[in-house]
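This report goes through a few features of the structure shown below. It takes up charged pairs, a helix packing and some backbone angles in turn.

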Amino acid sequence: MENVRFLEGKEVYLRPIEAADTDWYFSTLYDPKTRRLTGTQMHHTREQIASYIEAKSQDRSSVLLIIATRSDDTPIGDIAIQDIDTMNRNANIRIALTNSSQNKGYGTEALRLMLDYGFGVLNLHRIELNVFSYNHRAMRVYEKVGFKQEGVQREALFYNHQYHDSILMSILEDEYRTLSGNSNRRK
């Protein structure tokens with residue numbers, strides 16, 4: 001059966017996560033580099049991951065999608081808009097890519113697809129994220145797509161025997177529309 005392509009870019013597409021993704025999602029959680037970049041501290045069982053995926057499919061305050069390559073449908077990461085606040089029209093975004101998929105522009109494209117969905121379909125006004133101070137590559141990508149640093153949560157993460165700052169960044173809908181060329185869509 002062919003995968004659903006919910007949001008499509010040139011190199012990647014985003015699709016809903018499914019129960020069949022449990023083993024892949026579970027294995028990505030144990031990659032040491034990915035765990036460090038995402039600040040993942042806890043361990044999880046396959047059963048916990050299966051429950052998480054099921055719960056996310058029912059959660060109306062988040063959209064969790066798999067990032068897959070258009071060329072061969074290989075899952076290469078996940079991206080989520082979460083903590084959606086419909087009254088204030090803001091949310092949080094997060095992304096994780098497998099090591100072999102980094103430095104190829106896939107993350108940038110996935111972020112742009114999800115930002116377009118967040119601002120153009122979910123009618124959000126502000127999308128924020130947190131990135132750890134040692135993840136310079138991610139900070140450059142976030143700045144490239146239009147995120148601006150808002151503040152620093154000092155020593156917010158304890159990882160590998162030391163504390164690290166968490167950088168808060170956000171993008172507003174008018175900033176996104178100007179950068180993406182969608183400024184005529186909404187005023």
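In this predicted model, Glu8 has a relative accessibility of 42% and therefore counts as partly exposed, since that value lies between the 20% and 50% cut-offs. Glu8 is paired with Arg5 in a salt bridge, and their closest N and O atoms are 3.4 Å apart. Arg5 is likewise partly exposed, at 28% relative accessibility.

**Salt bridges**

Side chains of opposite charge can pair when their charged atoms come close. The model has twelve salt bridges by the rule applied here.

| Pair | N to O distance | Relative accessibility |
|---|---|---|
| Glu8 and Arg5 | 3.4 Å | Glu8 42%, Arg5 28% |
| Arg46 and Asp23 | 2.9 Å | Arg46 42%, Asp23 46% |
| Glu128 and Arg126 | 2.8 Å | Glu128 22%, Arg126 18% |

The side chains of Arg46 and Asp23 form a salt bridge at 2.9 Å. This pair links distant parts of the chain: Arg46 is in helix H3 (residues 46-58), Asp23 is in helix H1 (residues 22-28), and the two are 23 residues apart. Arg46 counts as partly exposed, and so does Asp23.

For Glu128 and Arg126, the salt bridge has an N to O distance of 2.8 Å. Glu128 is partly exposed at 22%. Is Arg126 buried or exposed? Its relative accessible area is 18%, which is under the 20% cut-off, so Arg126 is buried.

**Packing of H4 and H6**

Helix H4 covers residues 106-120 and helix H6 covers residues 173-180; they pack with their axes 11 Å apart, at an angle of about 125°. The crossing of H4 with H6 is left-handed.

On the H4 side, the residues that meet H6 are Arg112, Leu115, Asp116 and Phe119; on the H6 side they are Glu173, Tyr176 and Arg177. By type, the residues of this contact are three nonpolar and four charged, with no polar ones.

Tyr176, in helix H6, is buried, with a relative accessible area of 6%. Which residues does Tyr176 contact, leaving aside its neighbours within four places in sequence? They are Arg112, Leu115, Asp116, Phe119, Ile171 and Asn182. Ala19 is 157 residues from Tyr176 in sequence, and their C-alpha atoms are 33 Å apart in space.

**Positive phi angles**

Most residues other than glycine have a negative phi. Glu155 is not a glycine, yet its phi is positive, at about 45°. Glu155 lies in strand E7 (residues 148-159). With a relative accessibility of 51%, Glu155 counts as exposed, because the cut-off is 50%.

Asn160 also has a positive phi without being a glycine, at about 55°. Where is Asn160 placed? Asn160 is in the loop between E7 and strand E8 (162-172). Its relative accessibility is 62%, so Asn160 counts as exposed.

Notes. Residues numbered from 1 in each chain as written. Predicted model: local features only at pLDDT ≥ 70, side-chain atom pairs only at ≥ 80, totals over all residues. Heavy atoms only, no water. Salt bridge = Lys/Arg side-chain N within 4 Å of Asp/Glu carboxyl O. Buried < 20%, exposed > 50% of the residue type's maximum accessible area, 1.4 Å probe, protein only. Helix = DSSP H or I, 4+ residues; strand = E, 2+ residues; numbered from the N terminus. Axes fitted to C-alpha atoms, helices over the stretch in contact; angles between N-to-C directions. Left-handed = near helix turned anticlockwise from the far one by under 90°. Contact = heavy atoms within 4.5 Å. Nonpolar A, V, L, I, M, F, W, Y, C, P; charged D, E, K, R; others polar.
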